[in-house]
Amino acid sequence: MKKIGIFYGTTSGNTTGIVDEIEFYLRKDDYQTYNVADGISEIKDYENLILVSPTYGVGELQEDWNNVLEEFKNIDFTGKTVAIAGLGNQFAFGESYVGAMKILYDAVVKNGAKVIGFTSTEGYHYEETEAVVDGKFVGLALDEGNQGTDTPDRIKEWIEKIKPYFN
């Protein structure tokens, strides 16, 4: 398996905890983790990417991701395999749950990426979200505040599902 680049943004620290769990399930694999607050220039060095962002406001990217969004939208993702994970609150923000995932998804698909890691919407309780395409989330949807006990199993299953595509 080729090296994986994990890129994330965090404000409250919840996303850092999620990234720690992702790293735990990748501990036997070759990966490097980057906080997008420090920039995203290293994205070009990876064929395999995991992008992680919480959603703020009404379906908006986390601030550090938002600060690099224009640069991100100009990256050529041709030949890259991308998996996306998003955090959100499905009850308080049920009308825009994990909307940040869709922003990242749209940018990478537009620029040639192969996106993997779509997940079922079963077991979630949101009103609507743009982060669903063809009946599935465009990545791993997590709600630490309301379903935090489900997070470790969801991450484990998701990592097992996406790893074979990172060849």
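Predicted model: local features only at pLDDT ≥ 70, side-chain atom pairs only at ≥ 80, totals over all residues.

Trainee: How do you know whether Val-98 is buried or exposed?

Mentor: Check its relative accessibility, which is 0%. Buried means under 20%, so Val-98 counts as buried.

Trainee: And what is noted about the phi of Val-98?

Mentor: The phi of Val-98 is positive, about 45 degrees, although this residue is not a glycine. Most residues other than glycine have a negative phi. Asp-134 is another non-glycine with a positive phi, about 55 degrees. You'll find Asp-134 in the loop between E8 and E9.

Trainee: Let's go on to helix H4. How do you know what length to expect for H4?

Mentor: Helix H4 covers residues 99-110, twelve in number.

Trainee: Which residues of H4 are buried?

Mentor: Gly-99, Ala-100, Met-101, Lys-102, Leu-104, Tyr-105, Ala-107 and Val-108. After H4 comes Gly-112, with a positive phi near 100 degrees.

Trainee: Where does Val-52 sit, and what does it touch?

Mentor: Val-52 belongs to strand E3, residues 48-56. Leaving out residues up to four places away in sequence, Val-52 touches Phe-7, Tyr-8, Gly-9, Thr-15, Ile-18, Val-19, Ile-22, Trp-65, Ala-85 and Leu-87. Its relative accessibility is 0%, so Val-52 counts as buried.

Trainee: Now the rings. How many aromatic pairs are there?

Mentor: Two rings pair if their centres lie within 6.5 Å, and by that rule the count is twelve. Take Tyr-124 and Phe-137: their ring centres are 4.9 Å apart and their planes meet at 75 degrees. Planes over 60 degrees apart count as edge-to-face, so that is the name for this pair.

Trainee: What makes the Tyr-124 and Phe-137 pair a tie between parts of the chain?

Mentor: Tyr-124 lies in the loop between strand E7 (119-120) and strand E8 (132-133), and Phe-137 lies in strand E9 (residues 136-137). The pair therefore ties together parts that are 13 residues apart in sequence. Both Tyr-124 and Phe-137 are buried.

Trainee: Why does the pair of Tyr-126 and Phe-137 get the name it has?

Mentor: Their centres are 5.6 Å apart and their planes at 55 degrees. Under 30 degrees would be stacked and over 60 edge-to-face, so this pair is tilted. Tyr-126 is in the loop between E7 and E8, eleven residues from Phe-137 in strand E9. At 22% relative accessibility, Tyr-126 counts as partly exposed, whereas Phe-137 is at 0% and counts as buried. Tyr-97, Tyr-124, Tyr-126 and Phe-137 form one aromatic cluster.

Trainee: How do you know that a charge sits over the ring of Phe-24?

Mentor: The charged end of Arg-27 is 4.1 Å from the centre of that ring. The distance limit is 6 Å, with an angle limit of 35 degrees from the ring normal, and Arg-27 does count as sitting over Phe-24.

Trainee: Last one: what radius of gyration would a compact globule have, and does this protein agree or disagree?

Mentor: With 167 residues, the rule gives a value near 15 Å; the protein has 14 Å, which agrees. Of those residues, 51% count as buried. The whole protein has six helices and ten strands.

Methods
Residues numbered from 1 in each chain as written. Heavy atoms only, no water. Helix = DSSP H or I, 4+ residues; strand = E, 2+ residues; numbered from the N terminus. Buried < 20%, exposed > 50% of the residue type's maximum accessible area, 1.4 Å probe, protein only. Contact = heavy atoms within 4.5 Å. Phe/Tyr/Trp six-rings, centres within 6.5 Å; stacked < 30°, edge-to-face > 60°. Expected span 1.5 Å × (residues − 1). Rg over C-alpha atoms; globule rule 2.2 N^0.38 Å.
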